Amino acid sequence: MTTNAVSVSEFKLRCLDVIRRVERDGAAVDLTRRGKVVARLVPTATALQGTPPWLRLRGHGQLRAQPEESVLDANAFDAAHGRVA
């Protein structure tokens, strides 16, 4: 489980956003005061079970190709579909 850190003052300003992020991503958030962890917000087991893995991963990827580019070259695509070149 990955952990993010948020200061207590920032948490007060954005507490609903931080709670939603914990629910959505399943990642714990450490609450810090003057650089020291004073509390940890963690998702419950039931919260993790109710969120499909692809939704927990949403927003964590990075597109490295143009929309029209294929991730496979032509030979690999043909081989994946049982075609021999």
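Predicted model: local features only at pLDDT ≥ 70, side-chain atom pairs only at ≥ 80, totals over all residues.
Residues are numbered from 1 along each chain as its sequence is written, and side-chain values use heavy atoms, without hydrogens and water. Local features require pLDDT of at least 70 and side-chain atom pairs pLDDT 80 or more, whereas totals for chains, interfaces and linings use all residues.

Three strands form an open sheet of mixed pairing, in the order β1-β2-β3. Strands (E, at least two residues) and helices (H or I, at least four) are DSSP runs numbered from the N terminus, and two strands pair if DSSP finds at least two bridges between them. The edge strands, each pairing on one side only, are β1 (3–7) and β3 (36–41). Neighbouring strands are turned by 35° against each other on average, direction ignored; axes are lines fitted to C-alpha atoms, for helices over the stretch in contact, and angles run from 0 to 180 degrees between N-to-C directions.

Strands β1 and β2 (residues 28–33) run parallel and are joined by 5 bridges. A5 has D30 in β2 as its bridge partner, and S7 stands opposite T32 in β2. The chain passes from β1 through α1 to β2 in a right-handed β-α-β crossover, that is, with the strands pointing away from the viewer, the path from the first strand over the helix to the second runs clockwise.

The pairing of β2 with β3 is antiparallel, over 5 bridges, and R33 stands opposite K36 in β3. These two strands, β2 and β3, form a hairpin with 2 residues between them, and R34 in the turn has a positive phi of about 55°. In β2, 5 of the 6 residues are buried (under 20% relative accessible area, 1.4 Å probe, protein chains only).

Definitions and conventions: Buried < 20%, exposed > 50% of the residue type's maximum accessible area, 1.4 Å probe, protein only.
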